[in-house]
Amino acid sequence: ERSDLNICVLGCSMALGVGVLYHETWASRLKQHIEDDLGKSCSIWNLSTGGSGVDYCSEVFHKWAPKLKPDISIIQWSDITRRSLVHNFNVQHVMLNSYSDGDYDMNDRIPMVEKKKSLINLQSFSNDLYLWYKNYLLTYYMAKSFNLKLLHILPSQVLTPCWCPS
């Protein structure tokens with residue numbers, strides 16, 4: 001339901017508020033502040049998911065922001081090492097070509113330990129930073145093309161926001 005101010009929130013469990021009551025989440029507190037102190041009605045659309053990574057935030061923003069057309073979107077970017085692709089067990093099964101818990105993939109006899117190591121080796125600080133920045137830029141330029149306002153809450157690994165377009 002649309003209000004005077006419509007805010008879309010994206011992120012991981014921190015943005016979702018896992019482990020706290022709804023009224024204790026920062027998104028709920030922001031809504032309360034807007035309604036109490038500014039006297040405006042406010043809708044918060046929290047599309048966050050616990051355990052998600054930067055690719056999730058970018059993908060969900062691309063899917064929902066043009067449809068919802070929020071007045072502002074707030075993305076609380078997760079840790080740059082967290083990628084949904086690497087941490088999603090269903091994706092791991094597809095990439096590792098196995099749905100069994102055995103030691104070997106029966107199709108090609110490569111030890112599962114080696115296949116799992118190769119998946120984890122996709123991660124490195126430079127690769128993670130590149131993928132985070134790519135998702136950040138995709139989201140930034142999409143917001144710009146649809147004339148959507150976007151507020152980024154940067155992860156702790158990004159020392160200064162000055163190198164990010166604003």
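Guide: Welcome! Helix H3 (residues 54-68) lies across S1, S2, S3 and S4, and runs at about 160° to S1. Contact here means heavy atoms within 4.5 Å. Axes are lines fitted to C-alpha atoms, for helices over the stretch in contact, and angles run from 0 to 180 degrees between N-to-C directions. This is a predicted model, in which local features need pLDDT of at least 70 and side-chain atom pairs count only at pLDDT 80 or more, while totals for chains, interfaces and linings use all residues. Residues are numbered from 1 along each chain as its sequence is written, and side-chain values use heavy atoms, with hydrogens and water left out.

Visitor: What makes S2 and S4 the edge strands?

Guide: The sheet is open, with four strands in the order S2-S1-S3-S4 and parallel pairing. Strand S2 (42-46) and strand S4 (150-153) each pair on one side only, which is what puts them at the edge. Helices (H or I, at least four residues) and strands (E, at least two) are DSSP runs, numbered from the N terminus. Between neighbouring strands of this sheet the average turn is 20°, direction ignored.

Visitor: Why is S1 called largely enclosed?

Guide: Six of its seven residues are buried, so the rest of the structure largely encloses S1. Buried means under 20% relative accessible area, exposed over 50%, and partly exposed in between (1.4 Å probe, protein chains only).

Visitor: How do you know the number of disulfides?

Guide: A disulfide is a covalent bond between the sulfur atoms of two cysteines. The rule used here asks for a pair of cysteine sulfur atoms within 2.5 Å. For the sulfur of Cys 57, the closest cysteine sulfur is in Cys 12, 7.2 Å away, so this is too far for a bond. Cys 12 is therefore in no disulfide, and the count comes to zero.

Visitor: What makes the span of H2 close to the expected one?

Guide: The expected span is 1.5 Å times one less than the number of residues. Helix H2 (residues 26-37) has twelve residues and reaches 16 Å from first C-alpha to last, close to the expected 16 Å.

Visitor: How do you know that the buried residues line one face of H2?

Guide: The buried residues are Ala 27, Ser 28 and Ile 34. Down the axis of H2, they fall within an arc of 125° (taken from the directions from the helix axis to the C-beta atoms), so they line one face. They pack against S1 and S2, whereas Arg 29, Asp 36 and Asp 37 are exposed on the other side.

Key
Two strands pair if DSSP finds at least two bridges between them.
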